[in-house]
Amino acid sequence: MNEKADPTAIPTTKEQRRTSTTRYLKLNRLPTLQEVLDRRTRPPLDLFCFYIFLQRESAEDALDFWLDVQQHENMCKAYFKDIKRSGRTIDEEWPEFANYARTNGSHFSPLLSLSTSPTPRQPNSPNPAQGDFSPRSNQGEFDSPTLGGTTRERRDTESHGNAPRSNMLSPAPSSTMNELGMGKPQNRDRPSMTPSGKMSLRGKFGGGHVPKTKAPTVIARDRAIEKSALIDGAERIYLRYLLPGAEREIYLPPSLRIHDFPISTPDSASPLIPDLFHAQKVYIFKALEQDAFPRFLRAKAFGNLTPLGSFVRLIVGLVCLWGGFVLAFSLIFLDWKPRLTRLWTILPFIVALNLLLSSYYSLSPLLALFNRSETTPFRHIKVKEPYVKKLLTIRALWIELVCILITAILVVIFTVVPGHKL
């Protein structure tokens with residue numbers, strides 16, 4: 001039986017990625033967060049620039065978590081597909097997970113071809129339906145509907161893109177991202193909560209270091225995925241992001257926190273492993289989509305400067321404007337002849353207004369002319385997104401029009417004012 005293609009799944013081959021990118025580029029609009037995470041977009045709206053933007057706001061750990069969980073789920077998909085290709089069933093390879101998926105649901109269910117009758121459980125094997133996974137498992141955490149969701153919720157999607165409509169994962173009225181944010185870090189990598197009990201995305205500046213995004217969605221392998229690899233990957237994610245006091249701990253609402261990692265061995269793996277982080281991944285996606293991603297679009301699709309680049313232009317523009325006024329008043333009070341000499345004030349005024357308007361709109365017309373955009377202060381990347389080129393060109397022309405108009409007004413005023421020698 002041929003497997004149905006999942007339209008929301010991340011492309012896993014070069015041909016699929018090229019096709020999806022071509023299809024997206026035909027649309028005359030800004031991309032969605034799903035398309036950025038699927039690597040269908042081009043600079044400055046690609047995943048690389050989004051990561052740099054989040055790093056500047058000390059929120060890159062949220063994106064790293066999502067990418068790592070996506071890779072873990074892709075590995076689980078590959079594991080289930082390898083079982084299917086071998087002619088075996090999930091009931092034979094992993095009966096505990098098969099029983100768990102029938103009882104609680106799993107977003108991997110379409111890949112499993114589960115039979116209606118569960119496999120008889122061995123006398124000493126854990127019963128996933130009762131939350132009996134290991135002596136250390138926290139049944140209240142893992143069996144709660146808040147984390148696992150209903151059977152329909154867990155089965156609705158393989159990807160965050162069509163996330164289940166669940167009240168437990170909906171943002172709080174005060175905005176989901178306030179809960180997600182990375183707070184004031186206690187050290188360089190680990191964020192902490194703010195005194196109000198919520199997290200803030202704003203914090204340390206990412207500096208000039210430009211990291212590479214992690215967790216590739218294409219898994220290079222020359223052999224079948226083993227169950228031990230799934231356990232190791234899940235344990236790394238838990239220790240890195242979810243363990244209290246972890247190096248890169250992210251904030252989650254209490255209902256989605258995992259206090260204990262289910263004990264697993266290659267011979268007796270916890271049935272929670274494949275779906276362990278799916279609810280947290282959906283929450284992070286919604287939080288990024290509602291707060292950080294709109295700000296990213298405003299910063300990169302409607303501007304091409306970083307905050308530091310805008311600030312430097314503001315300072316230089318104010319200095320040039322001061323110089324223009326000094327020159328203009330000097331020519332007036334010296335009663336310099338001929339009066340047309342005062343037209344030289346056009347140079348400092350037009351430079352100053354260009355810099356000040358660039359700072360105000362976070363868009364440099366000069367960079368837009370050469371299709372460049374700042375990634376980190378004074379480091380540029382070529383703009384390859386066609387729709388963004390169009391937006392930046394229109395806004396750059398508007399800035400130049402306003403600049404020329406204000407400059408003309410100032411020059412005319414200082415030219416026609418009568419001289420008065422002191």
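This is a predicted model: local features need pLDDT of at least 70, side-chain atom pairs count only at pLDDT 80 or more; totals for chains, interfaces and linings use all residues.
Helix α14, which covers residues 307–333, has 27 residues and reaches 39 Å from its first C-alpha to its last, close to the 39 Å expected at 1.5 Å a residue.

Several residues of α14 are buried, namely G309, S310, R313, G317, L321, G324, A328, L331 and I332. An α-helix has 3.6 residues a turn, so residues three or four places apart point the same way.

Just after α14, the residue D335 takes a positive phi of about 50°.

Elsewhere in the chain, helix α3 (residues 47–56) meets helix α13 (residues 278–301), and their axes come within 11 Å and cross at roughly 105°. Because angles of 65 to 115 degrees count as roughly perpendicular, α3 and α13 are roughly perpendicular to each other. On the α3 side the contact is made by C49, F50, F53 and L54, while α13 contributes L288, A292, F293, R295, F296 and A299. The residues of this contact divide into nine nonpolar, no polar and one charged.

Turning to the chain as a whole, its secondary structure comes to 17 helices and two strands, and buried residues make up 49% of its 422 residues. Among the contacts with a separation of 6 or more, 74% are accounted for by residues 24 or more positions apart. The accessible surface of the chain comes to about 21,100 Å², of which 58% belongs to carbon and sulfur atoms.

Conventions
Residues are numbered from 1 along each chain as its sequence is written. Side-chain values use heavy atoms; hydrogens and water are left out. Helices (H or I, at least four residues) and strands (E, at least two) are DSSP runs, numbered from the N terminus. Buried means under 20% relative accessible area, exposed over 50%, partly exposed in between (1.4 Å probe, protein chains only). Contact means heavy atoms within 4.5 Å. Accessible areas come from the Shrake-Rupley method with a 1.4 Å probe; for residues, only the protein chains shown count as cover. The expected span of a helix is 1.5 Å times one less than its number of residues. Axes are lines fitted to C-alpha atoms, for helices over the stretch in contact, and angles run from 0 to 180 degrees between N-to-C directions. Angles under 35 degrees count as roughly parallel, over 145 as roughly antiparallel, 65 to 115 as roughly perpendicular and the rest as oblique. Ala, Val, Leu, Ile, Met, Phe, Trp, Tyr, Cys and Pro count as nonpolar, Asp, Glu, Lys and Arg as charged, and the others, Gly among them, as polar.
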